[in-house]
Structures are given as structure tokens and as C-alpha cells.
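Me: I'd like to learn how to read a structure like this one, feature by feature. Could you walk me through it?

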Amino acid sequence: MIPAMEWLLNNIVEVGILIFELMGVGIIVWTSLVSFYKYVRNRPDTRIYLGKGLAMGLEFKIGSEILRTVVVREWKEISIVAGIIALRAALTFLIHWEIKEEEKVASARREK
């Protein structure tokens, strides 16, 4: 009974990881394409839109890495996953900081 439940849990987690990864990649690709279109059209909100999309995509990818911690078996694997999570979290933090700075600049332009 326990091996069957473990097999089921592993399969559910693997499917969840794939779904989160696919969603993250899809969001990043879609946002990049729309941002390129906005860049070509010289829209002022291009950087903010791109930053928000990248942050959202990275958050889904962080979710997949957190799910991955459920099925890891060794400390070496856990340290690798923790490193990936830390790197992606740092990137997300920097992107959110950049978005806030860009929004300040955009609001200053509108006030002029």
C-alpha cells in the first residue's frame, strides 16, 4: 500500500512540476513577444509590462522548484534545488524593484 501511494504522489508531483514549468515558460514567452511588439510601437509602458511578466513567470518556476523538494531524496539534490530557488527569488526581487523604479519614472513623466 505504501509503495503505491508513494508512486502516486511522485507522479502527481511530476505532473504538477511540468504544469508549473510550462505555465512559467508560456508567460515569459508571451510577455516577451508582446513586449517586443510594444517596443516596436514605441509604447512607454513596455519595460513595466515586460518586468511584470518576467516576475510572474519566475514565480511559477519557483513554485515548480518548491514542488520538486517533495520528491528529492538526497541532501545534494536539496542543496541544488535550494540554490535554484534562491537564485530565482533574487531575480524576482530585483525585477520587482526595477518595476517600482520604472513606475516612479513613468509617474514623474506624466506629472510634467
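Me: Y49 makes me curious about T31. Which residues is T31 in contact with, leaving aside neighbours within four places in sequence?

Reply: With that limit, T31 is in contact with Y49, L50, G53 and L54. T31 itself belongs to helix α1.

Me: Is T31 buried or exposed?

Reply: Relative accessible area is the value to read, and under 20% counts as buried. T31 has 5%, so T31 is buried.

Me: What about T92: buried or exposed?

Reply: T92, found in helix α3, is buried too, with a relative accessible area of 7%. Leaving aside neighbours within four places in sequence, T92 is in contact with A55, L58, E59 and I62.

Me: How should I read a nonpolar core, and which residues make up the largest one here?

Reply: In soluble globular proteins, nonpolar side chains tend to be buried together. In this model the largest nonpolar core has six residues: I48, A55, L58, I95, I99 and A106. Helices α2 (46-68) and α3 (75-111) are the elements that give two or more residues to this core.

Me: Which residues does I48 touch, not counting those up to four places away in sequence?

Reply: I48 touches I99 and A106, along with E102 and E103. I99 and A106 are also members of the core.

Me: How many aromatic pairs does the structure hold?

Reply: There is one. The rings of F20 and F60 have centres 6.1 Å apart and planes at 40°, so the pair is tilted. F20 lies in helix α1 (residues 2-40) and F60 in helix α2, so the pair ties together parts that are 40 residues apart in sequence. F20 is partly exposed, with a relative accessible area of 29%.

Me: Finally, what does the protein chain average in pLDDT?

Reply: Where pLDDT is low, the predicted coordinates should not be read in detail. For this chain the average is 91, and 99% of the residues score at least 70.

Terms used
Residues are numbered from 1 along each chain as its sequence is written. This is a predicted model: local features need pLDDT of at least 70, side-chain atom pairs count only at pLDDT 80 or more; totals for chains, interfaces and linings use all residues. Side-chain values use heavy atoms; hydrogens and water are left out. A nonpolar core is a set of buried Ala, Val, Leu, Ile, Met, Phe, Trp, Tyr and Cys residues joined through side-chain atoms within 4.5 Å. Buried means under 20% relative accessible area, exposed over 50%, partly exposed in between (1.4 Å probe, protein chains only). Helices (H or I, at least four residues) and strands (E, at least two) are DSSP runs, numbered from the N terminus. Contact means heavy atoms within 4.5 Å. Rings of Phe, Tyr and Trp (its six-membered ring) pair if their centres lie within 6.5 Å; planes under 30 degrees apart count as stacked, over 60 as edge-to-face and the rest as tilted. pLDDT is the predictor's confidence in each residue, from 0 to 100.
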